[in-house]
Amino acid sequence: MHLSGDIGVWIAALLTLGIFSFLYKDNPAYKLCEHLFVGVSAGYYVVLNYFSVVRPNLLDPLFHGGAHTDFLLVIPLGLGVLLFSRFFPKGDWLSRWSIALILGVYPALRITGFGQGDFVEQIHGTMLPLWVPGHWGTTIGNWILIVGLLTTLIFFFFSKEHKGALGGTARVGVYFLMVSFGASYGYTVMARISLLIGRVMFLLHDWLGVLHL
Amino acid sequence: MSFFANLRRLDRRWIFLAIGLLVVVPLLAGFHIAPVLPGSRAKGFYDAIEKLPPGSTVVLAGDYDPGTIAENYPMHLAAARQLMARNIKIIAVELYPGGPPLADRVFRIAGAEYHKQERIDYVNLGYKSGNEAVMSQMGSSIPVTFPADRSGVPVTRIPVMKGIENFGQIALLVSISAGYPGTKEWVQQVVSRYHVPMIAGVTAVSAPEYYPYLQAGQLQGLLGGMAGGAEYEVLVKHEGLATRGMDAQSLAHVFIAFMILLGNLAALPQRSAKGGK
(Lines give C-alpha, C1' and ligand atoms only; values in the text may rest on other atoms or scores of the structure.)
Protein backbone atom coordinates (compact mmCIF):
# COMPACT_ATOMS: atom_id res chain seq x y z
CA MET A 1 0.00 0.00 0.00
CA HIS A 2 1.34 3.39 -1.03
CA LEU A 3 -0.99 6.24 -0.13
CA SER A 4 -0.89 9.22 -2.47
CA GLY A 5 0.78 12.37 -1.19
CA ASP A 6 -0.98 14.53 -3.77
CA ILE A 7 -3.61 16.82 -2.22
CA GLY A 8 -5.52 16.90 -5.53
CA VAL A 9 -5.83 13.11 -5.55
CA TRP A 10 -7.08 13.16 -1.94
CA ILE A 11 -9.73 15.77 -2.74
CA ALA A 12 -10.86 13.80 -5.82
CA ALA A 13 -10.94 10.53 -3.84
CA LEU A 14 -12.95 11.99 -0.96
CA LEU A 15 -15.40 13.62 -3.38
CA THR A 16 -15.80 10.29 -5.20
CA LEU A 17 -16.57 8.54 -1.91
CA GLY A 18 -18.97 11.36 -1.01
CA ILE A 19 -20.89 10.81 -4.25
CA PHE A 20 -20.85 7.02 -3.79
CA SER A 21 -22.34 7.48 -0.31
CA PHE A 22 -25.67 8.24 -2.01
CA LEU A 23 -25.92 4.53 -2.85
CA TYR A 24 -26.49 3.92 0.88
CA LYS A 25 -28.85 6.85 1.36
CA ASP A 26 -29.10 10.59 0.78
CA ASN A 27 -26.82 12.41 3.21
CA PRO A 28 -25.10 15.79 3.80
CA ALA A 29 -21.76 14.58 2.40
CA TYR A 30 -23.42 13.70 -0.91
CA LYS A 31 -25.25 17.05 -0.96
CA LEU A 32 -21.96 18.89 -0.36
CA CYS A 33 -20.22 17.03 -3.21
CA GLU A 34 -23.16 17.58 -5.54
CA HIS A 35 -23.26 21.33 -4.87
CA LEU A 36 -19.50 21.59 -5.20
CA PHE A 37 -19.66 19.82 -8.55
CA VAL A 38 -22.34 22.13 -9.92
CA GLY A 39 -20.58 25.28 -8.72
CA VAL A 40 -17.07 24.29 -9.78
CA SER A 41 -18.29 23.03 -13.19
CA ALA A 42 -20.11 26.30 -13.92
CA GLY A 43 -17.08 28.37 -12.91
CA TYR A 44 -14.68 26.11 -14.79
CA TYR A 45 -16.64 26.30 -18.04
CA VAL A 46 -17.02 30.09 -17.83
CA VAL A 47 -13.25 30.53 -17.40
CA LEU A 48 -12.45 27.86 -19.99
CA ASN A 49 -14.75 29.40 -22.58
CA TYR A 50 -13.30 32.85 -21.97
CA PHE A 51 -9.70 31.68 -22.45
CA SER A 52 -10.32 29.14 -25.22
CA VAL A 53 -13.14 30.81 -27.17
CA VAL A 54 -13.77 34.50 -26.48
CA ARG A 55 -10.18 35.68 -26.10
CA PRO A 56 -8.40 33.83 -28.95
CA ASN A 57 -11.28 34.08 -31.43
CA LEU A 58 -12.56 37.58 -30.73
CA LEU A 59 -10.72 39.80 -28.28
CA ASP A 60 -7.11 39.11 -29.32
CA PRO A 61 -7.63 39.40 -33.11
CA LEU A 62 -9.81 42.48 -32.65
CA PHE A 63 -7.98 44.46 -29.98
CA HIS A 64 -4.43 43.05 -30.03
CA GLY A 65 -4.06 42.15 -33.70
CA GLY A 66 -1.80 45.10 -34.55
CA ALA A 67 -1.42 45.33 -38.32
CA HIS A 68 -3.52 42.15 -38.74
CA THR A 69 -6.56 43.45 -36.85
CA ASP A 70 -9.71 41.85 -38.24
CA PHE A 71 -12.31 44.63 -38.03
CA LEU A 72 -15.05 42.34 -39.38
CA LEU A 73 -15.07 40.73 -35.92
CA VAL A 74 -17.03 43.77 -34.73
CA ILE A 75 -20.10 42.09 -36.27
CA PRO A 76 -19.99 38.90 -34.14
CA LEU A 77 -19.03 41.04 -31.13
CA GLY A 78 -22.15 43.18 -31.68
CA LEU A 79 -24.35 40.11 -32.19
CA GLY A 80 -22.92 38.55 -29.03
CA VAL A 81 -23.61 41.69 -26.99
CA LEU A 82 -27.18 41.76 -28.33
CA LEU A 83 -27.81 38.35 -26.73
CA PHE A 84 -27.45 40.00 -23.32
CA SER A 85 -30.41 42.27 -24.12
CA ARG A 86 -32.63 39.42 -22.89
CA PHE A 87 -31.89 40.63 -19.36
CA PHE A 88 -33.77 43.88 -20.12
CA PRO A 89 -37.48 43.38 -20.85
CA LYS A 90 -37.80 46.57 -22.91
CA GLY A 91 -34.98 45.69 -25.29
CA ASP A 92 -35.09 41.90 -25.28
CA TRP A 93 -36.28 41.85 -28.90
CA LEU A 94 -32.76 42.87 -29.93
CA SER A 95 -31.50 39.38 -29.03
CA ARG A 96 -33.71 37.91 -31.76
CA TRP A 97 -31.25 39.09 -34.42
CA SER A 98 -28.48 36.96 -32.95
CA ILE A 99 -30.79 34.01 -32.29
CA ALA A 100 -32.09 34.24 -35.88
CA LEU A 101 -28.53 33.90 -37.16
CA ILE A 102 -27.86 30.89 -34.93
CA LEU A 103 -31.16 29.28 -35.94
CA GLY A 104 -30.40 29.94 -39.59
CA VAL A 105 -26.92 28.47 -39.64
CA TYR A 106 -27.25 25.41 -37.40
CA PRO A 107 -30.33 23.75 -38.92
CA ALA A 108 -28.80 24.26 -42.38
CA LEU A 109 -25.57 22.59 -41.29
CA ARG A 110 -27.37 19.74 -39.60
CA ILE A 111 -29.91 19.15 -42.36
CA THR A 112 -27.26 18.98 -45.07
CA GLY A 113 -25.12 16.74 -42.86
CA PHE A 114 -28.05 14.45 -42.11
CA GLY A 115 -29.11 14.35 -45.75
CA GLN A 116 -25.67 13.34 -46.96
CA GLY A 117 -24.44 11.28 -44.03
CA ASP A 118 -27.58 9.48 -42.93
CA PHE A 119 -30.42 9.63 -45.42
CA VAL A 120 -28.66 8.96 -48.74
CA GLU A 121 -25.81 6.79 -47.44
CA GLN A 122 -28.03 4.68 -45.22
CA ILE A 123 -30.48 3.95 -48.06
CA HIS A 124 -27.47 3.10 -50.20
CA GLY A 125 -26.22 0.81 -47.42
CA THR A 126 -29.43 -1.26 -47.52
CA MET A 127 -29.22 -1.99 -51.25
CA LEU A 128 -27.76 -5.43 -50.72
CA PRO A 129 -27.76 -8.61 -52.80
CA LEU A 130 -30.20 -11.18 -51.43
CA TRP A 131 -28.18 -14.05 -52.82
CA VAL A 132 -24.40 -14.13 -52.43
CA PRO A 133 -23.12 -17.39 -53.99
CA GLY A 134 -20.87 -19.34 -51.66
CA HIS A 135 -21.48 -17.03 -48.68
CA TRP A 136 -24.42 -18.32 -46.69
CA GLY A 137 -23.64 -16.10 -43.73
CA THR A 138 -23.68 -12.93 -45.81
CA THR A 139 -26.87 -14.00 -47.60
CA ILE A 140 -28.68 -14.67 -44.32
CA GLY A 141 -27.33 -11.43 -42.80
CA ASN A 142 -28.56 -9.40 -45.77
CA TRP A 143 -32.00 -10.98 -45.55
CA ILE A 144 -32.25 -10.24 -41.82
CA LEU A 145 -31.20 -6.62 -42.40
CA ILE A 146 -33.70 -6.00 -45.19
CA VAL A 147 -36.60 -7.81 -43.48
CA GLY A 148 -35.81 -5.94 -40.23
CA LEU A 149 -35.68 -2.61 -42.05
CA LEU A 150 -38.96 -3.10 -43.93
CA THR A 151 -40.96 -4.52 -41.03
CA THR A 152 -39.71 -1.80 -38.65
CA LEU A 153 -40.61 0.90 -41.16
CA ILE A 154 -44.09 -0.63 -41.47
CA PHE A 155 -44.45 -0.53 -37.67
CA PHE A 156 -44.06 3.25 -37.89
CA PHE A 157 -46.65 3.53 -40.67
CA PHE A 158 -49.69 4.93 -38.88
CA SER A 159 -51.95 5.90 -41.79
CA LYS A 160 -53.76 2.54 -41.64
CA GLU A 161 -54.81 0.46 -38.64
CA HIS A 162 -52.37 -2.34 -37.83
CA LYS A 163 -54.62 -5.29 -38.69
CA GLY A 164 -54.29 -8.32 -40.94
CA ALA A 165 -51.11 -8.55 -43.02
CA LEU A 166 -50.08 -5.03 -42.05
CA GLY A 167 -50.53 -5.83 -38.34
CA GLY A 168 -48.57 -9.09 -38.65
CA THR A 169 -45.71 -7.37 -40.44
CA ALA A 170 -45.68 -4.56 -37.91
CA ARG A 171 -45.50 -7.17 -35.14
CA VAL A 172 -42.36 -8.65 -36.71
CA GLY A 173 -40.99 -5.08 -36.73
CA VAL A 174 -41.68 -4.85 -32.99
CA TYR A 175 -39.53 -7.95 -32.40
CA PHE A 176 -36.65 -6.36 -34.32
CA LEU A 177 -37.09 -3.18 -32.26
CA MET A 178 -37.05 -5.21 -29.04
CA VAL A 179 -33.77 -6.86 -30.06
CA SER A 180 -32.26 -3.42 -30.74
CA PHE A 181 -33.52 -2.10 -27.38
CA GLY A 182 -31.96 -5.13 -25.68
CA ALA A 183 -28.63 -4.48 -27.42
CA SER A 184 -28.78 -0.81 -26.41
CA TYR A 185 -29.55 -1.77 -22.81
CA GLY A 186 -26.64 -4.21 -22.76
CA TYR A 187 -24.29 -1.53 -24.03
CA THR A 188 -25.67 0.92 -21.45
CA VAL A 189 -24.94 -1.55 -18.65
CA MET A 190 -21.41 -1.94 -20.00
CA ALA A 191 -20.96 1.84 -20.10
CA ARG A 192 -22.09 2.33 -16.50
CA ILE A 193 -19.98 -0.54 -15.17
CA SER A 194 -16.99 0.87 -17.12
CA LEU A 195 -17.41 4.22 -15.37
CA LEU A 196 -17.52 2.44 -12.00
CA ILE A 197 -14.38 0.47 -12.91
CA GLY A 198 -12.66 3.72 -13.86
CA ARG A 199 -13.45 5.31 -10.50
CA VAL A 200 -12.48 2.16 -8.57
CA MET A 201 -9.17 2.03 -10.48
CA PHE A 202 -8.57 5.65 -9.50
CA LEU A 203 -9.29 4.94 -5.83
CA LEU A 204 -7.20 1.75 -5.70
CA HIS A 205 -4.32 2.90 -7.91
CA ASP A 206 -3.95 6.67 -7.69
CA TRP A 207 -5.20 7.14 -4.13
CA LEU A 208 -4.53 4.02 -2.08
CA GLY A 209 -1.72 2.62 -4.21
CA VAL A 210 -2.84 -0.99 -3.73
CA LEU A 211 -3.47 -1.66 -7.42
CA HIS A 212 -0.55 -1.96 -9.82
CA LEU A 213 -1.43 -1.28 -13.47
CA MET B 1 -42.58 -16.19 3.33
CA SER B 2 -41.40 -17.71 0.05
CA PHE B 3 -37.97 -17.16 -1.49
CA PHE B 4 -39.41 -15.03 -4.28
CA ALA B 5 -41.45 -12.90 -1.88
CA ASN B 6 -38.24 -12.23 0.08
CA LEU B 7 -36.47 -11.41 -3.16
CA ARG B 8 -39.11 -8.85 -4.08
CA ARG B 9 -38.48 -7.11 -0.76
CA LEU B 10 -34.70 -7.23 -1.10
CA ASP B 11 -33.01 -3.95 -0.21
CA ARG B 12 -31.37 -2.73 -3.44
CA ARG B 13 -28.27 -1.74 -1.46
CA TRP B 14 -27.30 -5.44 -1.28
CA ILE B 15 -27.17 -5.41 -5.08
CA PHE B 16 -25.00 -2.27 -5.06
CA LEU B 17 -22.66 -3.94 -2.57
CA ALA B 18 -22.43 -7.09 -4.69
CA ILE B 19 -21.64 -5.04 -7.82
CA GLY B 20 -18.99 -3.13 -5.86
CA LEU B 21 -17.33 -6.34 -4.68
CA LEU B 22 -17.49 -7.88 -8.16
CA VAL B 23 -15.59 -4.87 -9.48
CA VAL B 24 -13.04 -4.44 -6.66
CA VAL B 25 -12.07 -8.10 -6.08
CA PRO B 26 -11.06 -8.98 -9.69
CA LEU B 27 -9.06 -5.75 -9.96
CA LEU B 28 -7.15 -6.48 -6.75
CA ALA B 29 -6.77 -10.21 -7.38
CA GLY B 30 -5.73 -9.63 -11.01
CA PHE B 31 -7.01 -12.97 -12.29
CA HIS B 32 -8.06 -13.61 -15.86
CA ILE B 33 -11.40 -15.31 -16.45
CA ALA B 34 -11.07 -15.46 -20.22
CA PRO B 35 -8.68 -14.02 -22.80
CA VAL B 36 -9.78 -10.91 -24.69
CA LEU B 37 -10.32 -11.89 -28.34
CA PRO B 38 -10.43 -9.04 -30.87
CA GLY B 39 -13.57 -8.93 -33.01
CA SER B 40 -14.01 -7.80 -36.60
CA ARG B 41 -14.89 -4.22 -35.63
CA ALA B 42 -11.70 -3.76 -33.58
CA LYS B 43 -9.67 -5.43 -36.34
CA GLY B 44 -11.19 -2.98 -38.82
CA PHE B 45 -10.02 -0.10 -36.62
CA TYR B 46 -6.53 -1.58 -36.31
CA ASP B 47 -6.23 -2.48 -40.01
CA ALA B 48 -7.29 1.00 -41.16
CA ILE B 49 -4.22 2.44 -39.39
CA GLU B 50 -1.94 -0.43 -40.44
CA LYS B 51 -2.77 0.21 -44.12
CA LEU B 52 -1.61 3.84 -43.95
CA PRO B 53 1.76 4.54 -45.54
CA PRO B 54 4.36 5.85 -43.03
CA GLY B 55 4.61 9.63 -43.14
CA SER B 56 0.93 10.20 -43.92
CA THR B 57 -1.11 12.53 -41.75
CA VAL B 58 -4.23 11.76 -39.73
CA VAL B 59 -6.66 13.91 -37.75
CA LEU B 60 -7.17 12.48 -34.27
CA ALA B 61 -10.30 13.97 -32.72
CA GLY B 62 -10.45 13.47 -28.94
CA ASP B 63 -14.04 14.51 -28.32
CA TYR B 64 -14.52 13.50 -24.71
CA ASP B 65 -13.86 14.82 -21.22
CA PRO B 66 -13.06 13.36 -17.79
CA GLY B 67 -16.62 12.01 -17.45
CA THR B 68 -15.84 9.15 -19.86
CA ILE B 69 -12.12 8.64 -19.23
CA ALA B 70 -12.66 4.99 -18.27
CA GLU B 71 -13.99 4.19 -21.74
CA ASN B 72 -12.36 6.68 -24.10
CA TYR B 73 -8.90 7.23 -22.64
CA PRO B 74 -7.57 3.65 -23.12
CA MET B 75 -8.60 3.60 -26.80
CA HIS B 76 -7.23 7.13 -27.32
CA LEU B 77 -3.86 6.12 -25.86
CA ALA B 78 -3.75 2.87 -27.82
CA ALA B 79 -4.58 4.70 -31.08
CA ALA B 80 -1.81 7.26 -30.45
CA ARG B 81 0.61 4.38 -29.77
CA GLN B 82 -0.26 2.58 -33.01
CA LEU B 83 -0.07 5.80 -35.05
CA MET B 84 3.31 6.71 -33.59
CA ALA B 85 4.66 3.18 -33.98
CA ARG B 86 3.75 3.42 -37.69
CA ASN B 87 5.46 6.85 -38.02
CA ILE B 88 2.22 8.57 -38.93
CA LYS B 89 1.86 12.28 -38.26
CA ILE B 90 -0.96 13.31 -35.96
CA ILE B 91 -3.04 16.48 -35.95
CA ALA B 92 -5.14 16.41 -32.78
CA VAL B 93 -8.28 18.47 -32.30
CA GLU B 94 -10.87 18.44 -29.54
CA LEU B 95 -14.47 19.64 -29.67
CA TYR B 96 -15.05 19.07 -25.95
CA PRO B 97 -13.69 21.86 -23.71
CA GLY B 98 -12.35 19.29 -21.25
CA GLY B 99 -10.59 17.30 -23.98
CA PRO B 100 -7.24 19.09 -24.57
CA PRO B 101 -5.55 18.15 -21.26
CA LEU B 102 -6.45 14.49 -21.85
CA ALA B 103 -4.98 14.60 -25.37
CA ASP B 104 -1.84 16.23 -23.92
CA ARG B 105 -1.55 13.35 -21.45
CA VAL B 106 -1.96 10.78 -24.24
CA PHE B 107 0.79 12.41 -26.33
CA ARG B 108 3.09 12.84 -23.35
CA ILE B 109 2.95 9.09 -22.64
CA ALA B 110 2.92 7.76 -26.23
CA GLY B 111 5.39 10.42 -27.44
CA ALA B 112 7.93 9.43 -24.77
CA GLU B 113 7.55 5.71 -25.59
CA TYR B 114 8.13 6.21 -29.33
CA HIS B 115 10.52 9.17 -29.09
CA LYS B 116 8.21 11.52 -30.98
CA GLN B 117 8.52 15.29 -30.79
CA GLU B 118 5.70 17.75 -30.36
CA ARG B 119 5.01 19.86 -33.48
CA ILE B 120 7.36 17.70 -35.58
CA ASP B 121 5.58 14.36 -35.31
CA TYR B 122 2.31 15.47 -33.72
CA VAL B 123 0.48 18.62 -32.72
CA ASN B 124 -2.44 19.30 -30.42
CA LEU B 125 -4.49 22.14 -31.93
CA GLY B 126 -6.74 22.12 -28.88
CA TYR B 127 -10.38 22.98 -28.36
CA LYS B 128 -12.56 25.00 -30.67
CA SER B 129 -16.20 25.81 -29.99
CA GLY B 130 -18.74 25.57 -32.78
CA ASN B 131 -19.37 21.82 -33.08
CA GLU B 132 -20.43 21.01 -36.69
CA ALA B 133 -19.38 24.48 -37.84
CA VAL B 134 -15.77 23.68 -36.85
CA MET B 135 -15.83 20.40 -38.80
CA SER B 136 -17.33 22.11 -41.81
CA GLN B 137 -14.80 24.95 -41.67
CA MET B 138 -11.93 22.45 -41.44
CA GLY B 139 -13.10 21.19 -44.82
CA SER B 140 -12.31 24.62 -46.24
CA SER B 141 -9.14 25.28 -44.30
CA ILE B 142 -7.64 23.64 -41.24
CA PRO B 143 -5.09 26.48 -40.65
CA VAL B 144 -7.87 29.10 -40.75
CA THR B 145 -10.01 27.08 -38.35
CA PHE B 146 -7.07 26.49 -36.00
CA PRO B 147 -4.61 29.37 -36.57
CA ALA B 148 -2.45 28.27 -33.62
CA ASP B 149 -1.86 25.16 -31.56
CA ARG B 150 -2.92 24.69 -27.94
CA SER B 151 0.12 26.61 -26.69
CA GLY B 152 -0.45 29.53 -29.06
CA VAL B 153 2.27 28.68 -31.61
CA PRO B 154 1.02 29.74 -35.09
CA VAL B 155 0.40 26.76 -37.37
CA THR B 156 2.62 28.41 -40.02
CA ARG B 157 5.56 27.68 -37.70
CA ILE B 158 4.57 24.07 -36.95
CA PRO B 159 6.43 21.51 -39.14
CA VAL B 160 3.76 18.82 -38.90
CA MET B 161 1.23 21.29 -40.37
CA LYS B 162 3.37 22.01 -43.41
CA GLY B 163 1.38 21.40 -46.60
CA ILE B 164 -1.83 20.74 -44.70
CA GLU B 165 -4.68 22.85 -46.07
CA ASN B 166 -7.85 20.80 -45.63
CA PHE B 167 -9.10 17.20 -45.57
CA GLY B 168 -7.55 16.64 -48.99
CA GLN B 169 -4.22 16.03 -47.25
CA ILE B 170 -5.66 13.85 -44.47
CA ALA B 171 -5.31 10.09 -44.93
CA LEU B 172 -7.61 9.05 -42.08
CA LEU B 173 -9.93 10.57 -39.51
CA VAL B 174 -9.78 8.91 -36.09
CA SER B 175 -12.66 9.90 -33.83
CA ILE B 176 -12.59 9.12 -30.12
CA SER B 177 -16.02 10.23 -29.05
CA ALA B 178 -18.24 10.49 -25.99
CA GLY B 179 -21.35 11.81 -27.73
CA TYR B 180 -22.23 15.19 -29.21
CA PRO B 181 -20.29 16.61 -30.98
CA GLY B 182 -18.48 13.49 -32.04
CA THR B 183 -18.49 10.52 -34.36
CA LYS B 184 -21.98 11.08 -35.78
CA GLU B 185 -21.19 14.68 -36.68
CA TRP B 186 -17.78 13.81 -38.17
CA VAL B 187 -19.51 11.25 -40.41
CA GLN B 188 -22.19 13.71 -41.44
CA GLN B 189 -19.97 16.74 -41.98
CA VAL B 190 -16.69 15.24 -43.18
CA VAL B 191 -16.95 11.62 -44.36
CA SER B 192 -19.97 12.25 -46.57
CA ARG B 193 -18.67 15.49 -48.04
CA TYR B 194 -14.93 14.97 -48.32
CA HIS B 195 -14.85 11.15 -48.47
CA VAL B 196 -12.12 10.85 -45.83
CA PRO B 197 -11.81 7.28 -44.47
CA MET B 198 -12.81 7.21 -40.82
CA ILE B 199 -12.59 4.95 -37.77
CA ALA B 200 -14.17 5.58 -34.38
CA GLY B 201 -13.80 4.65 -30.73
CA VAL B 202 -16.96 5.48 -28.80
CA THR B 203 -18.61 5.03 -25.42
CA ALA B 204 -20.63 1.85 -25.04
CA VAL B 205 -23.89 3.68 -24.48
CA SER B 206 -23.60 5.38 -27.86
CA ALA B 207 -22.11 2.44 -29.81
CA PRO B 208 -25.39 0.98 -31.19
CA GLU B 209 -26.02 4.33 -32.88
CA TYR B 210 -22.92 3.86 -35.05
CA TYR B 211 -23.44 0.31 -36.28
CA PRO B 212 -25.42 1.53 -39.33
CA TYR B 213 -22.40 3.66 -40.31
CA LEU B 214 -20.18 0.61 -40.03
CA GLN B 215 -22.57 -1.52 -42.07
CA ALA B 216 -22.80 1.16 -44.77
CA GLY B 217 -19.01 1.45 -45.01
CA GLN B 218 -18.90 5.01 -43.67
CA LEU B 219 -16.75 3.72 -40.80
CA GLN B 220 -13.88 1.30 -41.39
CA GLY B 221 -13.74 0.17 -37.77
CA LEU B 222 -15.51 0.74 -34.46
CA LEU B 223 -14.46 0.33 -30.83
CA GLY B 224 -17.44 0.20 -28.48
CA GLY B 225 -16.75 1.04 -24.84
CA MET B 226 -14.23 -0.61 -22.57
CA ALA B 227 -14.63 -3.98 -24.31
CA GLY B 228 -13.76 -2.43 -27.68
CA GLY B 229 -10.80 -0.66 -26.07
CA ALA B 230 -9.56 -3.93 -24.56
CA GLU B 231 -9.79 -5.74 -27.92
CA TYR B 232 -7.82 -2.94 -29.54
CA GLU B 233 -5.18 -2.98 -26.77
CA VAL B 234 -4.63 -6.67 -27.52
CA LEU B 235 -4.18 -5.88 -31.21
CA VAL B 236 -1.61 -3.14 -30.57
CA LYS B 237 0.13 -5.53 -28.12
CA HIS B 238 0.06 -3.00 -25.32
CA GLU B 239 -2.46 -4.21 -22.75
CA GLY B 240 -3.54 -1.41 -20.47
CA LEU B 241 -6.44 -0.03 -18.46
CA ALA B 242 -9.23 -1.46 -20.63
CA THR B 243 -7.83 -5.00 -20.64
CA ARG B 244 -7.26 -4.83 -16.89
CA GLY B 245 -10.90 -3.87 -16.31
CA MET B 246 -12.46 -6.62 -18.42
CA ASP B 247 -12.65 -9.28 -15.70
CA ALA B 248 -14.54 -6.91 -13.43
CA GLN B 249 -16.72 -5.97 -16.38
CA SER B 250 -17.53 -9.60 -17.23
CA LEU B 251 -18.37 -10.59 -13.64
CA ALA B 252 -20.60 -7.55 -13.17
CA HIS B 253 -22.40 -8.35 -16.44
CA VAL B 254 -23.03 -11.96 -15.44
CA PHE B 255 -24.36 -10.81 -12.08
CA ILE B 256 -26.69 -8.21 -13.64
CA ALA B 257 -28.00 -10.75 -16.17
CA PHE B 258 -28.60 -13.19 -13.28
CA MET B 259 -30.43 -10.51 -11.28
CA ILE B 260 -32.63 -9.62 -14.28
CA LEU B 261 -33.55 -13.29 -14.63
CA LEU B 262 -34.18 -13.65 -10.90
CA GLY B 263 -36.21 -10.43 -10.80
CA ASN B 264 -38.46 -11.65 -13.60
CA LEU B 265 -38.93 -15.01 -11.91
CA ALA B 266 -39.80 -13.23 -8.67
CA ALA B 267 -42.36 -11.10 -10.49
CA LEU B 268 -44.07 -14.10 -12.14
CA PRO B 269 -46.26 -15.14 -9.15
CA GLN B 270 -47.48 -11.54 -8.84
CA ARG B 271 -48.40 -11.40 -12.51
CA SER B 272 -50.17 -14.77 -12.25
CA ALA B 273 -52.16 -13.52 -9.24
CA LYS B 274 -53.30 -10.51 -11.28
CA GLY B 275 -54.40 -12.75 -14.11
CA GLY B 276 -51.42 -11.97 -16.24
CA LYS B 277 -52.39 -8.32 -16.57
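Which residue is the bridge partner of Ile91(B) in β3(B)? In this predicted model, for which local features need pLDDT of at least 70, side-chain atom pairs count only at pLDDT 80 or more and totals for chains, interfaces and linings use all residues, the bridge partner is Val123(B). Residues are numbered from 1 along each chain as its sequence is written, while chains are lettered from A and ligands numbered from 1 in the order in which they are written.

The pair Ile91(B) and Val123(B) belongs to a parallel pairing of β2 (residues 89-94) of chain B with β3(B), which extends over four bridges; helices (H or I, at least four residues) and strands (E, at least two) are DSSP runs, numbered from the N terminus, and two strands are taken to pair if DSSP finds at least two bridges between them. In general, strands of a sheet pair through backbone hydrogen bonds, in either a parallel or an antiparallel arrangement. In chain B, six strands make up an open sheet with parallel pairing, in the order β3-β2-β1-β4-β5-β6.

Helix α3 (residues 40-50) of chain B touches β4 (172-177), β5 (198-202) and β6 of that chain, and its direction makes about 125° with that of β6(B). Helix α4(B) also packs on the sheet, touching β1 (57-63), β2, β4, β5 and β6 of chain B, and the direction of α4(B) makes about 160° with that of β4(B).

Strand β5(B) is mostly covered, since five of its five residues are buried; a residue is buried if 20 or more other C-beta atoms lie within 10 Å of its own, exposed if 12 or fewer, and partly exposed in between, with C-beta atoms placed from the backbone. Met198(B), Ala200(B) and Val202(B) point one way from β5(B), whereas Ile199(B) and Gly201(B) point the other way. Five bridges join β5(B) to β4(B) in a parallel run, and Leu173(B) stands opposite Met198(B). Met198(B) is also 16 residues in sequence from Leu214(B), at 9.9 Å in space from C-alpha to C-alpha. Leu214(B), which lies in helix α9 of chain B, is buried, with 20 other C-beta atoms within 10 Å, and it touches Arg41(B), Leu219(B) and Leu222(B) when residues up to four places away in sequence are not counted.

Most residues other than glycine have a negative phi, and most peptide bonds are trans. Asn87(B), in the loop between α4 and β2 of chain B, has a positive phi of about 60° although it is not a glycine, and counts as partly exposed with 14 C-beta neighbours inside 10 Å. Lys237(B), in the loop between α10 and α11 of chain B, has a positive phi of about 55° and counts as exposed, with 10 C-beta neighbours inside 10 Å. A cis peptide bond with omega of about -10° joins Tyr180(B) and Pro181(B), and Pro181(B) is placed in the loop between β4 and α8 of chain B.

Chain A contains six helices and zero strands. The radius of gyration of chain A, taken over C-alpha atoms, is 28 Å, well over the 17 Å that the globule rule gives for 213 residues, so chain A is more spread out than a compact globule; this rule is 2.2 Å times the number of residues to the power 0.38. Of the 213 residues of chain A, 7% count as buried.

Between the chains, 45 residues of chain B are in contact with 38 residues of chain A. The largest share of the side of chain B that touches chain A, eight residues, comes from α11(B).

How values were computed
Two residues are in contact if their C-beta atoms, placed from the backbone, lie within 7 Å. Axes are lines fitted to C-alpha atoms, for helices over the stretch in contact, and angles run from 0 to 180 degrees between N-to-C directions.
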